[in-house]
Amino acid sequence: MTNMLWLSAVLYQLIVYECLVRTVRAGARVKRTIIGRYPVCPRGCTACSPINGCVSCEPHLFMFLHRENMREVGLCTPSCPIGFYGVRHQYFNKCYRCHIEHCYSCFSRQYCTLCEEPYLVNEGRCIEHCPPGQFYANFTRECKDRVDCLPGAWSPWSECSRLSQNCHNRRGRQIRTRPVLQDASPNGNPCPDMIETQPCRLPLRHCDGT
C-alpha cells in the first residue's frame, strides 16, 4: 500500500512538472510571437501574432485591419486601399474606412475624392446632379464652376494622299485627328484644332502608268 502511494505521488509530480514545462514553452512561443520572432513576421511588421497578423508596423507604414471570417487581421502597407484613408498619429499610422455615402475613395473621414458611379463629387460629397451654376467634368466625374475642353492624344498620320491627278505631281497630304475627352462649358476654354495636315511626297509615277 505504501509503495502504491509513493508511486502515485511520483506520477503526480511528473504530471505537474510536464504541465509546467509545457506552460513555460507556450509562454516563450507567445513572447517570441509578440516581439516579432516567431513565426517570421511579414515585411514591414515590427511585431506580429499568428492569429491577428501584424500588431505594429514600421514608422512609415500604415496599419490596415481587415476581417477574415471572425478574425481581424493586421497588415502593414505603404498606402491605404480604396475605400480607406490614412491618418498619421504620433506613435502609429492607421487606415480608416470612408464614412461618406456612395464614396469610392476619400481623402479624410468627411471628404470624398471619387464617388461610385453614377454619383458625382461636389465639395467632398457624392451627389446625383451638379447644382445650378456648376458643370459636369466627365473626365474626373466632379462638378466644377468652369470646365475647359480636354483633347485626347493624336492619332497616327494617315497615308500620303495625292493632291492632283497629274502624273508628274509627287505632292501629297497626310491627316491626323484627336478625340475630345471633355467638352468645354460655356465659360470654359474651347477646344483647339482637332485636325492637322502636313505635306508629304509620293513616289514618282510615270505618265504611261508605270
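Me: What makes E196 partly exposed?

Reply: E196 has a relative accessible area of 29%. Buried means under 20% relative accessible area and exposed over 50%, with partly exposed in between (1.4 Å probe, protein chains only), so E196 is classed as partly exposed. This is a predicted model, in which local features need pLDDT of at least 70, side-chain atom pairs count only at pLDDT 80 or more, and totals for chains, interfaces and linings use all residues. Residues are numbered from 1 along each chain as its sequence is written, and side-chain values use heavy atoms, with hydrogens and water left out.

Me: Why is the contact of E196 with R176 called a salt bridge?

Reply: The term requires a side-chain nitrogen of Lys or Arg within 4 Å of a carboxyl oxygen of Asp or Glu. The closest N and O atoms of E196 and R176 are 2.7 Å apart, so the pair meets the definition. E196 lies in strand β17 (residues 195-201) and R176 in strand β15 (residues 171-177), so the pair ties together parts that are 20 residues apart in sequence. Strands (E, at least two residues) are DSSP runs, numbered from the N terminus.

Me: How do you know that K144 forms a salt bridge with E142?

Reply: Their closest N and O atoms are 3.8 Å apart, and the pair therefore qualifies. K144 is partly exposed at 33%, and E142 is partly exposed at 24%.

Technical notes:
Helices (H or I, at least four residues) and strands (E, at least two) are DSSP runs, numbered from the N terminus.
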